[in-house]
Amino acid sequence: MHEVPRVRFAPSPTGYFHVGGARTALFNWLFAKRFGGVFVLRIEDTDEARNSPEWIDGICSALEWLKITWDEGPFLQSERLDLYAEAAQSLFRSGKAYYCDCQRSEIDERVRSAGLPPGYDGFCRDRGLQSATGRALRFKVPKEGETVVDDLVRGKVAFENRTIDDFILIKGNGAPLFVLANVVDDLDMRISHVIRAEEHLPTTPKAILVYQALGQNAPQFAHVPVLVNEKRQKLSKRRDRVAVEDYKEMGFLPAAMENYLVLLGWSPGDDREFLTRQDELDLFSLDRVGHSPSFFDVTKMLHFNKHYLSLLSSEELLQTALPFLEATDFWDGTPDQRSSFLKLAPEISTRIGLVSEIPGMVDFIFKSQLSIDESAFNSVTTDSNSKKLLERSIEVFSGLEIFGSSELESACRAWAEESGLSLRKLQAPIRVAITGKKVGPPLFSAMEVLGRETSLSRLSDLASRLS
RNA sequence: GGCCCCAUCGUCUAGAGGCCUAGGACAUCACCCUCUCAAGGUGGAGACACGGGUUCAAAUCCCGUUGGGGCUGCCA
(Lines give C-alpha, C1' and ligand atoms only; values in the text may rest on other atoms or scores of the structure.)
Protein backbone atom coordinates (compact mmCIF):
# COMPACT_ATOMS: atom_id res chain seq x y z
CA MET A 1 0.00 0.00 0.00
CA HIS A 2 1.55 3.22 -1.16
CA GLU A 3 -0.56 5.55 0.83
CA VAL A 4 -2.31 5.31 4.09
CA PRO A 5 -5.87 4.02 3.74
CA ARG A 6 -8.79 6.37 4.10
CA VAL A 7 -12.03 4.66 4.98
CA ARG A 8 -15.45 5.93 5.82
CA PHE A 9 -18.40 4.76 7.79
CA ALA A 10 -21.59 6.18 6.34
CA PRO A 11 -24.73 5.37 8.30
CA SER A 12 -28.05 6.95 7.55
CA PRO A 13 -29.86 8.40 10.55
CA THR A 14 -33.11 6.53 10.22
CA GLY A 15 -33.23 4.92 13.64
CA TYR A 16 -31.24 3.60 16.54
CA PHE A 17 -27.68 2.64 15.79
CA HIS A 18 -27.63 -0.95 14.62
CA VAL A 19 -25.27 -3.73 15.77
CA GLY A 20 -24.60 -4.55 12.13
CA GLY A 21 -23.55 -0.97 11.60
CA ALA A 22 -21.35 -1.23 14.66
CA ARG A 23 -19.58 -4.21 13.18
CA THR A 24 -19.11 -2.51 9.84
CA ALA A 25 -17.75 0.54 11.63
CA LEU A 26 -15.40 -1.65 13.67
CA PHE A 27 -14.06 -3.43 10.59
CA ASN A 28 -13.49 -0.09 8.91
CA TRP A 29 -11.83 1.32 11.98
CA LEU A 30 -9.54 -1.68 12.44
CA PHE A 31 -8.58 -1.71 8.80
CA ALA A 32 -7.73 1.97 8.84
CA LYS A 33 -5.90 2.00 12.16
CA ARG A 34 -3.94 -1.12 11.44
CA PHE A 35 -2.25 0.74 8.62
CA GLY A 36 -2.17 4.12 10.28
CA GLY A 37 -5.06 5.31 8.18
CA VAL A 38 -7.95 7.68 8.54
CA PHE A 39 -11.52 6.90 9.55
CA VAL A 40 -14.12 9.31 8.27
CA LEU A 41 -17.63 9.53 9.66
CA ARG A 42 -20.23 10.60 7.17
CA ILE A 43 -23.94 10.86 7.75
CA GLU A 44 -26.04 9.94 4.74
CA ASP A 45 -29.07 12.07 5.33
CA THR A 46 -30.15 12.95 1.82
CA ASP A 47 -33.62 11.51 2.20
CA GLU A 48 -35.54 14.10 4.18
CA ALA A 49 -38.56 11.88 4.48
CA ARG A 50 -36.75 9.15 6.39
CA ASN A 51 -34.05 10.87 8.31
CA SER A 52 -34.22 12.55 11.62
CA PRO A 53 -31.40 14.60 13.10
CA GLU A 54 -31.84 13.18 16.59
CA TRP A 55 -30.55 9.82 15.43
CA ILE A 56 -27.20 11.39 14.59
CA ASP A 57 -26.40 11.95 18.24
CA GLY A 58 -27.32 8.37 18.95
CA ILE A 59 -24.96 7.11 16.27
CA CYS A 60 -22.11 9.25 17.56
CA SER A 61 -22.57 8.34 21.19
CA ALA A 62 -22.84 4.64 20.39
CA LEU A 63 -19.62 4.84 18.40
CA GLU A 64 -17.97 6.65 21.27
CA TRP A 65 -19.23 4.05 23.71
CA LEU A 66 -17.58 1.38 21.55
CA LYS A 67 -14.45 3.52 21.34
CA ILE A 68 -14.67 3.72 17.59
CA THR A 69 -13.30 7.18 17.06
CA TRP A 70 -13.44 9.16 13.87
CA ASP A 71 -10.65 11.32 12.54
CA GLU A 72 -12.78 13.42 10.23
CA GLY A 73 -16.43 14.34 10.29
CA PRO A 74 -19.18 13.83 10.98
CA PHE A 75 -19.94 15.23 7.56
CA LEU A 76 -23.58 15.65 6.69
CA GLN A 77 -24.55 15.02 3.12
CA SER A 78 -27.47 17.37 3.53
CA GLU A 79 -24.91 20.16 3.79
CA ARG A 80 -23.11 19.18 0.62
CA LEU A 81 -25.96 19.20 -1.84
CA ASP A 82 -24.32 21.61 -4.29
CA LEU A 83 -21.45 19.18 -4.76
CA TYR A 84 -23.82 16.48 -5.96
CA ALA A 85 -25.73 18.89 -8.16
CA GLU A 86 -22.50 19.96 -9.78
CA ALA A 87 -21.47 16.39 -10.55
CA ALA A 88 -24.94 15.68 -11.86
CA GLN A 89 -24.76 18.62 -14.22
CA SER A 90 -21.45 17.53 -15.59
CA LEU A 91 -22.88 14.08 -16.21
CA PHE A 92 -25.87 15.58 -17.98
CA ARG A 93 -23.75 17.91 -20.10
CA SER A 94 -21.52 15.08 -21.23
CA GLY A 95 -24.51 13.01 -22.24
CA LYS A 96 -24.04 10.41 -19.52
CA ALA A 97 -27.34 11.20 -17.89
CA TYR A 98 -30.80 12.34 -18.94
CA TYR A 99 -33.88 13.86 -17.42
CA CYS A 100 -36.95 11.77 -16.86
CA ASP A 101 -40.49 12.77 -15.98
CA CYS A 102 -41.98 9.30 -15.61
CA GLN A 103 -44.04 8.54 -12.56
CA ARG A 104 -43.57 5.20 -10.88
CA SER A 105 -47.12 4.17 -11.68
CA GLU A 106 -46.62 4.94 -15.37
CA ILE A 107 -43.46 2.90 -15.48
CA ASP A 108 -45.10 -0.02 -13.73
CA GLU A 109 -48.05 0.14 -16.11
CA ARG A 110 -45.88 0.17 -19.23
CA VAL A 111 -43.64 -2.57 -17.96
CA ARG A 112 -46.57 -4.74 -16.94
CA SER A 113 -48.40 -4.44 -20.24
CA ALA A 114 -45.22 -5.09 -22.18
CA GLY A 115 -44.52 -8.13 -20.06
CA LEU A 116 -41.12 -6.76 -19.11
CA PRO A 117 -39.35 -7.53 -15.84
CA PRO A 118 -39.90 -4.93 -13.12
CA GLY A 119 -37.66 -1.87 -13.26
CA TYR A 120 -37.20 1.18 -15.42
CA ASP A 121 -37.79 0.72 -19.14
CA GLY A 122 -35.65 3.58 -20.46
CA PHE A 123 -38.66 5.52 -21.69
CA CYS A 124 -36.98 8.94 -21.43
CA ARG A 125 -33.52 7.82 -22.42
CA ASP A 126 -33.66 9.42 -25.84
CA ARG A 127 -36.36 12.05 -25.37
CA GLY A 128 -33.83 14.82 -24.87
CA LEU A 129 -35.70 16.32 -21.90
CA GLN A 130 -34.20 19.38 -20.25
CA SER A 131 -34.02 20.10 -16.55
CA ALA A 132 -37.33 21.09 -14.98
CA THR A 133 -38.81 20.94 -11.55
CA GLY A 134 -40.08 17.53 -10.73
CA ARG A 135 -37.87 15.85 -13.28
CA ALA A 136 -35.38 13.28 -12.09
CA LEU A 137 -31.96 12.79 -13.59
CA ARG A 138 -31.17 9.25 -14.62
CA PHE A 139 -27.85 7.68 -15.43
CA LYS A 140 -27.55 6.32 -18.95
CA VAL A 141 -26.24 2.81 -18.32
CA PRO A 142 -24.31 1.39 -21.29
CA LYS A 143 -26.28 -1.35 -23.05
CA GLU A 144 -23.23 -3.42 -23.79
CA GLY A 145 -20.42 -4.89 -21.80
CA GLU A 146 -20.09 -5.77 -18.19
CA THR A 147 -18.98 -4.05 -15.04
CA VAL A 148 -16.72 -5.94 -12.71
CA VAL A 149 -16.46 -5.32 -9.00
CA ASP A 150 -13.06 -6.47 -7.85
CA ASP A 151 -14.00 -7.06 -4.27
CA LEU A 152 -11.39 -7.45 -1.55
CA VAL A 153 -13.35 -10.10 0.28
CA ARG A 154 -15.31 -11.85 -2.47
CA GLY A 155 -13.05 -11.55 -5.51
CA LYS A 156 -14.28 -10.49 -8.94
CA VAL A 157 -18.03 -10.17 -9.31
CA ALA A 158 -19.27 -9.40 -12.82
CA PHE A 159 -22.54 -7.72 -13.72
CA GLU A 160 -23.80 -7.46 -17.27
CA ASN A 161 -24.64 -3.87 -17.98
CA ARG A 162 -27.87 -4.76 -19.73
CA THR A 163 -29.21 -6.07 -16.42
CA ILE A 164 -28.69 -2.70 -14.78
CA ASP A 165 -31.53 -0.18 -15.05
CA ASP A 166 -31.00 3.48 -15.79
CA PHE A 167 -30.96 4.49 -12.16
CA ILE A 168 -31.76 7.83 -10.63
CA LEU A 169 -28.96 10.25 -9.81
CA ILE A 170 -31.02 13.25 -8.72
CA LYS A 171 -34.56 12.99 -7.48
CA GLY A 172 -37.38 15.17 -8.76
CA ASN A 173 -37.02 17.33 -5.66
CA GLY A 174 -33.39 18.02 -6.47
CA ALA A 175 -31.89 15.79 -3.78
CA PRO A 176 -29.30 13.25 -4.84
CA LEU A 177 -29.81 9.55 -4.55
CA PHE A 178 -27.28 7.64 -2.48
CA VAL A 179 -25.35 6.21 -5.43
CA LEU A 180 -24.41 9.66 -6.67
CA ALA A 181 -23.87 11.14 -3.24
CA ASN A 182 -21.67 8.20 -2.29
CA VAL A 183 -19.49 8.47 -5.35
CA VAL A 184 -19.11 12.22 -5.12
CA ASP A 185 -18.26 12.11 -1.43
CA ASP A 186 -15.92 9.16 -1.65
CA LEU A 187 -14.07 11.04 -4.36
CA ASP A 188 -14.08 14.31 -2.50
CA MET A 189 -12.99 12.68 0.74
CA ARG A 190 -10.35 10.65 -1.10
CA ILE A 191 -11.68 7.39 0.24
CA SER A 192 -9.39 4.51 -0.69
CA HIS A 193 -11.44 1.57 0.60
CA VAL A 194 -15.16 1.19 0.86
CA ILE A 195 -15.89 -1.47 3.45
CA ARG A 196 -19.62 -2.03 3.87
CA ALA A 197 -22.29 -4.66 4.17
CA GLU A 198 -22.92 -7.16 1.41
CA GLU A 199 -26.37 -5.79 0.74
CA HIS A 200 -24.62 -2.97 -1.12
CA LEU A 201 -22.90 -5.29 -3.56
CA PRO A 202 -25.64 -5.12 -6.23
CA THR A 203 -25.46 -1.32 -6.33
CA THR A 204 -21.70 -1.27 -6.60
CA PRO A 205 -21.56 -1.66 -10.40
CA LYS A 206 -23.77 1.42 -10.62
CA ALA A 207 -21.28 3.34 -8.55
CA ILE A 208 -18.41 2.08 -10.67
CA LEU A 209 -20.22 3.23 -13.82
CA VAL A 210 -20.56 6.69 -12.29
CA TYR A 211 -16.88 6.81 -11.41
CA GLN A 212 -16.07 5.91 -15.00
CA ALA A 213 -18.47 8.49 -16.38
CA LEU A 214 -16.81 11.07 -14.19
CA GLY A 215 -13.42 9.99 -15.47
CA GLN A 216 -12.26 8.93 -12.03
CA ASN A 217 -10.87 5.79 -10.49
CA ALA A 218 -13.10 3.91 -8.10
CA PRO A 219 -11.87 3.05 -4.62
CA GLN A 220 -11.33 -0.53 -3.57
CA PHE A 221 -14.46 -2.28 -2.40
CA ALA A 222 -14.87 -4.86 0.34
CA HIS A 223 -18.32 -6.27 1.03
CA VAL A 224 -18.64 -8.00 4.36
CA PRO A 225 -21.43 -10.49 5.02
CA VAL A 226 -24.57 -9.29 6.72
CA LEU A 227 -25.70 -10.15 10.22
CA VAL A 228 -28.85 -12.26 10.37
CA ASN A 229 -31.47 -13.28 12.90
CA GLU A 230 -32.37 -16.82 13.96
CA LYS A 231 -34.40 -17.18 10.77
CA ARG A 232 -31.33 -16.18 8.81
CA GLN A 233 -32.82 -12.97 7.56
CA LYS A 234 -30.88 -9.75 7.50
CA LEU A 235 -31.16 -8.07 10.90
CA SER A 236 -33.88 -5.51 10.71
CA LYS A 237 -34.76 -2.58 12.90
CA ARG A 238 -38.42 -3.47 12.91
CA ARG A 239 -38.37 -7.13 13.78
CA ASP A 240 -35.09 -7.70 15.61
CA ARG A 241 -33.43 -6.32 18.67
CA VAL A 242 -30.58 -4.48 17.03
CA ALA A 243 -29.98 -1.21 18.85
CA VAL A 244 -26.52 -0.90 20.34
CA GLU A 245 -28.08 1.39 22.91
CA ASP A 246 -30.36 -1.42 24.08
CA TYR A 247 -27.44 -3.72 24.73
CA LYS A 248 -25.69 -0.97 26.64
CA GLU A 249 -28.75 -0.53 28.80
CA MET A 250 -29.04 -4.27 29.30
CA GLY A 251 -25.60 -4.18 30.87
CA PHE A 252 -23.21 -5.27 28.18
CA LEU A 253 -19.68 -3.94 28.33
CA PRO A 254 -18.38 -2.22 25.19
CA ALA A 255 -15.26 -4.38 25.23
CA ALA A 256 -17.39 -7.52 25.25
CA MET A 257 -19.57 -6.29 22.44
CA GLU A 258 -16.55 -5.31 20.40
CA ASN A 259 -14.85 -8.65 20.95
CA TYR A 260 -18.01 -10.52 20.02
CA LEU A 261 -18.66 -8.38 16.97
CA VAL A 262 -15.16 -8.65 15.57
CA LEU A 263 -15.54 -12.43 15.51
CA LEU A 264 -18.69 -12.25 13.44
CA GLY A 265 -17.48 -12.91 9.94
CA TRP A 266 -13.83 -12.61 10.81
CA SER A 267 -11.45 -14.83 12.72
CA PRO A 268 -7.80 -14.50 13.59
CA GLY A 269 -7.14 -17.92 12.08
CA ASP A 270 -6.34 -19.73 15.28
CA ASP A 271 -8.35 -20.78 18.31
CA ARG A 272 -8.16 -17.50 20.15
CA GLU A 273 -11.43 -15.80 20.94
CA PHE A 274 -10.68 -13.31 23.66
CA LEU A 275 -8.97 -10.51 21.84
CA THR A 276 -7.88 -7.15 23.11
CA ARG A 277 -8.17 -4.06 20.97
CA GLN A 278 -4.45 -4.36 20.37
CA ASP A 279 -4.79 -8.00 19.28
CA GLU A 280 -7.47 -6.98 16.83
CA LEU A 281 -5.28 -4.22 15.50
CA ASP A 282 -2.38 -6.62 15.07
CA LEU A 283 -4.40 -9.33 13.40
CA PHE A 284 -7.28 -7.85 11.46
CA SER A 285 -7.26 -8.27 7.73
CA LEU A 286 -9.95 -8.22 5.08
CA ASP A 287 -8.76 -11.43 3.48
CA ARG A 288 -9.75 -13.29 6.62
CA VAL A 289 -13.30 -12.03 6.43
CA GLY A 290 -15.73 -14.83 5.63
CA HIS A 291 -18.33 -14.96 2.90
CA SER A 292 -21.46 -16.17 4.61
CA PRO A 293 -23.88 -14.36 6.90
CA SER A 294 -23.53 -14.66 10.66
CA PHE A 295 -26.23 -15.06 13.24
CA PHE A 296 -26.10 -12.40 15.93
CA ASP A 297 -26.18 -14.63 18.99
CA VAL A 298 -26.80 -12.73 22.20
CA THR A 299 -26.07 -15.86 24.24
CA LYS A 300 -22.53 -16.00 23.03
CA MET A 301 -22.10 -12.29 23.49
CA LEU A 302 -23.20 -12.83 27.08
CA HIS A 303 -20.33 -15.25 27.51
CA PHE A 304 -17.90 -12.56 26.41
CA ASN A 305 -19.58 -10.16 28.79
CA LYS A 306 -19.08 -12.52 31.73
CA HIS A 307 -15.46 -12.85 30.83
CA TYR A 308 -14.82 -9.12 30.63
CA LEU A 309 -16.81 -8.52 33.80
CA SER A 310 -14.66 -10.99 35.68
CA LEU A 311 -11.57 -9.11 34.55
CA LEU A 312 -12.64 -5.82 36.11
CA SER A 313 -11.01 -4.55 39.26
CA SER A 314 -13.27 -3.68 42.18
CA GLU A 315 -12.98 -0.02 41.40
CA GLU A 316 -13.76 -0.60 37.72
CA LEU A 317 -16.74 -2.72 38.61
CA LEU A 318 -18.05 0.07 40.79
CA GLN A 319 -17.59 2.60 38.03
CA THR A 320 -19.44 0.51 35.48
CA ALA A 321 -22.15 -0.36 37.99
CA LEU A 322 -22.74 3.24 39.03
CA PRO A 323 -25.34 4.16 36.39
CA PHE A 324 -27.32 1.10 37.39
CA LEU A 325 -26.91 1.66 41.12
CA GLU A 326 -27.91 5.27 40.85
CA ALA A 327 -31.17 4.21 39.29
CA THR A 328 -32.13 2.35 42.49
CA ASP A 329 -33.70 3.77 45.63
CA PHE A 330 -31.13 2.31 47.99
CA TRP A 331 -27.96 3.79 46.55
CA ASP A 332 -26.82 7.22 47.59
CA GLY A 333 -23.14 6.82 46.90
CA THR A 334 -21.83 7.61 50.36
CA PRO A 335 -18.25 6.62 51.14
CA ASP A 336 -19.63 3.85 53.36
CA GLN A 337 -21.70 2.44 50.54
CA ARG A 338 -18.82 2.65 48.15
CA SER A 339 -16.46 0.89 50.51
CA SER A 340 -19.00 -1.87 51.20
CA PHE A 341 -19.48 -2.33 47.49
CA LEU A 342 -15.76 -2.46 46.89
CA LYS A 343 -15.31 -5.13 49.56
CA LEU A 344 -17.87 -7.39 47.99
CA ALA A 345 -16.99 -6.61 44.38
CA PRO A 346 -14.61 -9.55 43.83
CA GLU A 347 -17.38 -11.90 44.88
CA ILE A 348 -19.94 -10.51 42.48
CA SER A 349 -17.92 -10.04 39.32
CA THR A 350 -17.92 -13.75 38.53
CA ARG A 351 -21.57 -14.12 39.43
CA ILE A 352 -23.15 -11.82 36.91
CA GLY A 353 -23.57 -11.84 33.17
CA LEU A 354 -24.80 -8.28 32.85
CA VAL A 355 -23.92 -5.09 34.66
CA SER A 356 -27.63 -4.59 35.23
CA GLU A 357 -27.66 -7.61 37.55
CA ILE A 358 -25.40 -5.89 40.06
CA PRO A 359 -28.03 -3.96 42.03
CA GLY A 360 -29.98 -7.15 42.69
CA MET A 361 -26.79 -8.79 43.86
CA VAL A 362 -25.84 -6.15 46.41
CA ASP A 363 -29.14 -4.59 47.47
CA PHE A 364 -29.22 -6.50 50.76
CA ILE A 365 -26.19 -4.60 51.98
CA PHE A 366 -27.77 -1.22 51.44
CA LYS A 367 -31.44 -1.70 52.17
CA SER A 368 -32.36 -0.68 55.68
CA GLN A 369 -35.47 -2.81 55.44
CA LEU A 370 -34.59 -6.18 53.93
CA SER A 371 -37.19 -7.65 51.62
CA ILE A 372 -37.26 -11.42 51.40
CA ASP A 373 -38.12 -13.16 48.15
CA GLU A 374 -41.27 -15.18 48.33
CA SER A 375 -39.61 -18.36 47.15
CA ALA A 376 -36.72 -17.82 49.55
CA PHE A 377 -39.11 -17.27 52.43
CA ASN A 378 -41.08 -20.37 51.49
CA SER A 379 -37.96 -22.48 51.43
CA VAL A 380 -37.30 -21.46 55.03
CA THR A 381 -40.82 -21.99 56.32
CA THR A 382 -41.09 -25.45 54.78
CA ASP A 383 -38.12 -26.62 56.79
CA SER A 384 -39.19 -27.12 60.40
CA ASN A 385 -35.60 -26.79 61.59
CA SER A 386 -35.21 -23.26 60.31
CA LYS A 387 -36.23 -21.43 63.46
CA LYS A 388 -33.93 -23.54 65.61
CA LEU A 389 -31.05 -23.05 63.21
CA LEU A 390 -31.50 -19.32 63.12
CA GLU A 391 -31.67 -19.05 66.90
CA ARG A 392 -28.63 -21.22 67.31
CA SER A 393 -26.74 -19.21 64.69
CA ILE A 394 -27.26 -16.07 66.74
CA GLU A 395 -25.63 -17.78 69.72
CA VAL A 396 -22.77 -19.04 67.62
CA PHE A 397 -22.08 -15.73 65.94
CA SER A 398 -22.54 -13.62 69.05
CA GLY A 399 -19.61 -15.29 70.70
CA LEU A 400 -17.21 -14.34 67.94
CA GLU A 401 -14.35 -12.01 68.81
CA ILE A 402 -13.92 -10.95 65.22
CA PHE A 403 -16.87 -10.81 62.84
CA GLY A 404 -14.87 -11.75 59.75
CA SER A 405 -15.67 -14.15 56.96
CA SER A 406 -13.07 -16.73 57.93
CA GLU A 407 -14.09 -16.62 61.61
CA LEU A 408 -17.74 -16.96 60.65
CA GLU A 409 -16.91 -19.84 58.39
CA SER A 410 -14.88 -21.75 60.99
CA ALA A 411 -17.58 -21.22 63.55
CA CYS A 412 -20.15 -22.65 61.19
CA ARG A 413 -17.95 -25.58 60.30
CA ALA A 414 -17.45 -26.41 63.95
CA TRP A 415 -21.15 -26.08 64.56
CA ALA A 416 -21.91 -28.32 61.59
CA GLU A 417 -19.44 -30.85 62.90
CA GLU A 418 -20.99 -31.05 66.36
CA SER A 419 -24.56 -31.02 65.13
CA GLY A 420 -24.00 -33.53 62.35
CA LEU A 421 -25.59 -31.22 59.82
CA SER A 422 -23.97 -30.34 56.53
CA LEU A 423 -22.71 -26.83 56.11
CA ARG A 424 -24.87 -26.62 53.01
CA LYS A 425 -28.00 -27.32 54.98
CA LEU A 426 -27.08 -25.18 57.88
CA GLN A 427 -26.31 -22.02 55.95
CA ALA A 428 -29.49 -22.05 53.91
CA PRO A 429 -31.84 -20.25 56.32
CA ILE A 430 -29.06 -17.94 57.41
CA ARG A 431 -28.51 -16.87 53.84
CA VAL A 432 -32.17 -16.08 53.44
CA ALA A 433 -32.17 -14.06 56.65
CA ILE A 434 -29.09 -12.11 55.64
CA THR A 435 -29.64 -11.55 51.90
CA GLY A 436 -33.33 -12.20 51.42
CA LYS A 437 -32.51 -14.59 48.61
CA LYS A 438 -31.59 -18.21 48.11
CA VAL A 439 -28.57 -17.41 45.99
CA GLY A 440 -26.01 -14.67 46.14
CA PRO A 441 -22.45 -13.87 47.03
CA PRO A 442 -20.68 -16.12 49.56
CA LEU A 443 -22.57 -15.87 52.83
CA PHE A 444 -19.69 -15.21 55.19
CA SER A 445 -18.26 -12.44 53.08
CA ALA A 446 -21.71 -10.95 52.86
CA MET A 447 -22.05 -11.03 56.64
CA GLU A 448 -18.66 -9.48 57.16
CA VAL A 449 -19.55 -6.59 54.90
CA LEU A 450 -22.92 -6.21 56.52
CA GLY A 451 -21.38 -6.18 59.97
CA ARG A 452 -22.20 -7.84 63.28
CA GLU A 453 -25.09 -5.71 64.37
CA THR A 454 -27.12 -5.80 61.17
CA SER A 455 -26.37 -9.44 60.59
CA LEU A 456 -27.54 -10.49 64.02
CA SER A 457 -30.65 -8.41 63.88
CA ARG A 458 -31.61 -9.87 60.50
CA LEU A 459 -31.18 -13.34 61.92
CA SER A 460 -33.46 -12.61 64.82
CA ASP A 461 -35.92 -10.79 62.56
CA LEU A 462 -36.44 -13.85 60.44
CA ALA A 463 -36.41 -16.19 63.45
CA SER A 464 -39.17 -14.20 65.05
CA ARG A 465 -41.31 -14.46 61.92
CA LEU A 466 -41.21 -18.25 62.16
CA SER A 467 -43.34 -20.27 64.49
C1' G B 1 -39.61 -13.15 -12.38
C1' G B 2 -34.38 -11.08 -13.24
C1' C B 3 -29.45 -10.17 -11.26
C1' C B 4 -25.98 -11.25 -7.42
C1' C B 5 -24.05 -13.64 -3.05
C1' C B 6 -23.64 -17.82 0.19
C1' A B 7 -23.44 -23.21 1.95
C1' U B 8 -18.35 -27.28 7.96
C1' C B 9 -21.60 -29.35 14.75
C1' G B 10 -28.10 -25.93 17.01
C1' U B 11 -24.73 -21.14 16.82
C1' C B 12 -19.79 -18.46 15.74
C1' U B 13 -15.82 -20.56 13.35
C1' A B 14 -10.60 -23.34 12.07
C1' G B 15 -9.62 -25.79 7.61
C1' A B 16 -6.38 -22.42 1.50
C1' G B 17 -5.77 -31.21 -2.06
C1' G B 18 -2.80 -35.53 1.70
C1' C B 19 -1.36 -33.03 8.69
C1' C B 20 -9.04 -34.50 9.18
C1' U B 21 -10.76 -40.66 12.77
C1' A B 22 -12.65 -32.54 10.73
C1' G B 23 -9.96 -28.64 15.63
C1' G B 24 -11.75 -24.58 19.01
C1' A B 25 -15.63 -21.56 21.30
C1' C B 26 -20.98 -20.69 22.84
C1' A B 27 -25.17 -23.44 24.09
C1' U B 28 -26.35 -28.44 25.93
C1' C B 29 -25.52 -33.10 29.05
C1' A B 30 -22.58 -35.76 32.87
C1' C B 31 -18.98 -35.65 36.56
C1' C B 32 -15.34 -33.04 39.82
C1' C B 33 -14.70 -28.79 42.96
C1' U B 34 -17.96 -26.30 46.38
C1' C B 35 -21.45 -22.52 52.26
C1' U B 36 -25.85 -21.06 47.84
C1' C B 37 -25.11 -19.43 42.97
C1' A B 38 -21.41 -18.58 39.76
C1' A B 39 -16.44 -19.23 38.22
C1' G B 40 -12.97 -23.16 37.24
C1' G B 41 -11.64 -28.35 35.79
C1' U B 42 -12.63 -33.10 33.19
C1' G B 43 -15.46 -35.75 29.85
C1' G B 44 -19.87 -36.79 26.38
C1' A B 45 -23.14 -35.93 22.36
C1' G B 46 -22.99 -32.93 18.01
C1' A B 47 -21.16 -30.85 11.20
C1' C B 48 -18.28 -31.06 5.82
C1' A B 49 -26.47 -29.95 2.06
C1' C B 50 -26.86 -33.45 -2.29
C1' G B 51 -25.14 -35.40 -7.08
C1' G B 52 -21.54 -35.61 -10.67
C1' G B 53 -16.65 -34.78 -12.20
C1' U B 54 -10.91 -33.55 -11.84
C1' U B 55 -7.01 -36.17 -8.96
C1' C B 56 -3.13 -41.54 -6.70
C1' A B 57 -5.83 -38.40 -2.95
C1' A B 58 -11.36 -33.41 -2.05
C1' A B 59 -14.48 -30.42 3.52
C1' U B 60 -10.89 -28.08 0.36
C1' C B 61 -10.82 -27.43 -7.20
C1' C B 62 -14.89 -27.54 -11.35
C1' C B 63 -20.10 -28.26 -12.88
C1' G B 64 -25.04 -29.06 -11.60
C1' U B 65 -29.07 -29.60 -8.07
C1' U B 66 -31.23 -28.17 -3.66
C1' G B 67 -31.57 -24.78 0.15
C1' G B 68 -30.90 -19.92 2.27
C1' G B 69 -30.07 -14.74 1.71
C1' G B 70 -29.53 -9.90 -0.65
C1' C B 71 -30.79 -6.46 -4.48
C1' U B 72 -34.38 -5.32 -8.00
C1' G B 73 -37.37 2.36 -4.76
C1' C B 74 -37.37 9.51 -7.05
C1' C B 75 -34.48 4.27 0.80
C1' A B 76 -29.38 3.54 2.34
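This is a predicted model: local features need pLDDT of at least 70, side-chain atom pairs count only at pLDDT 80 or more; totals for chains, interfaces and linings use all residues.
A residue is called buried when its relative accessible area is under 20%, exposed when it is over 50%, and partly exposed in between (1.4 Å probe, protein chains only).

Residues are numbered from 1 along each chain as its sequence is written, chains are lettered from A and ligands numbered from 1 in the order in which they are written, and side-chain values use heavy atoms, with hydrogens and water left out.

## The whole chain

Let us begin with the overall picture. Chain A holds 19 helices and 12 strands; helices (H or I, at least four residues) and strands (E, at least two) are DSSP runs, numbered from the N terminus. The C-alpha trace spans about 100 × 50 × 40 Å along the principal axes of chain A. The radius of gyration of chain A is 31 Å, whereas a compact globule of 467 residues would have one near 23 Å. That radius is taken over C-alpha atoms, and the globule rule is 2.2 Å times the number of residues to the power 0.38.

Chain A is divided into two domains, domain 1 (81-224) and domain 2 (374-466), with bounds that come from an automatic or database domain assignment. The C-alpha centres of domain 1 and domain 2 are 74 Å apart.

Of the 467 residues in chain A, 49% count as buried. The accessible surface of the chain comes to about 22500 Å², and carbon and sulfur atoms supply 49% of that surface. Such areas come from the Shrake-Rupley method with a 1.4 Å probe; for residues, only the protein chains shown count as cover.

What share of the contacts in chain A between residues at least 6 apart in sequence join residues at least 24 apart? The share is 75%, where contact means heavy atoms within 4.5 Å.

Chain A also carries 56 positive and 67 negative side chains, and the centres of these two sets lie 5 Å apart. Lys and Arg count as positive and Asp and Glu as negative, while His and the chain ends are not counted. The place of a charge is taken as NZ of Lys, CZ of Arg, CG of Asp or CD of Glu.

## Under cover

Now for some buried places. Helix α6 (residues 204-213) is mostly covered, with eight of its 10 residues buried. Among them are Ile208, Leu209, Val210 and Tyr211. After α6 comes Gly215, which has a positive phi near 70°.

Val210 turns up again among the contacts of Leu169. Leu169 sits in strand β8 (residues 168-170). Is Leu169 buried or exposed? Leu169 is buried, because its relative accessible area is 0%. Leaving out residues up to four places away in sequence, the residues that Leu169 touches include Leu91, Leu137, Phe139 and Leu180. The C-alpha atoms of Leu169 and Ala88 are separated by 7.1 Å, although these residues are 81 apart along the chain.

Thr24, in helix α1 (residues 19-34), has a relative accessible area of 9% and is therefore buried. Beyond residues up to four places away in sequence, Thr24 touches Phe9, Ile195, Arg196 and Ala197.

## Out in the loops

| Residue | Loop | Relative accessible area |
|---|---|---|
| Lys67 | between α2 (54-65) and β3 | 53% |
| Gly128 | between α4 (104-113) and β5 (136-139) | 56% |
| Asp271 | between α8 (254-262) and α9 (277-283) | 76% |

Gly128 and Tyr98 are 30 residues apart along the chain, with 7.1 Å between their C-alpha atoms. For Asp271 and Ser236, 35 residues apart, the C-alpha separation is 31 Å.

## Backbone details

Most residues other than glycine have a negative phi, and most peptide bonds are trans. Lys67 is not a glycine, yet its phi is positive, about 60°. Arg232, also not a glycine, has a positive phi of about 60°. Gly73 and Pro74 are joined by a cis peptide bond with omega about 0°, and Pro74 lies in strand β3 (residues 72-76).
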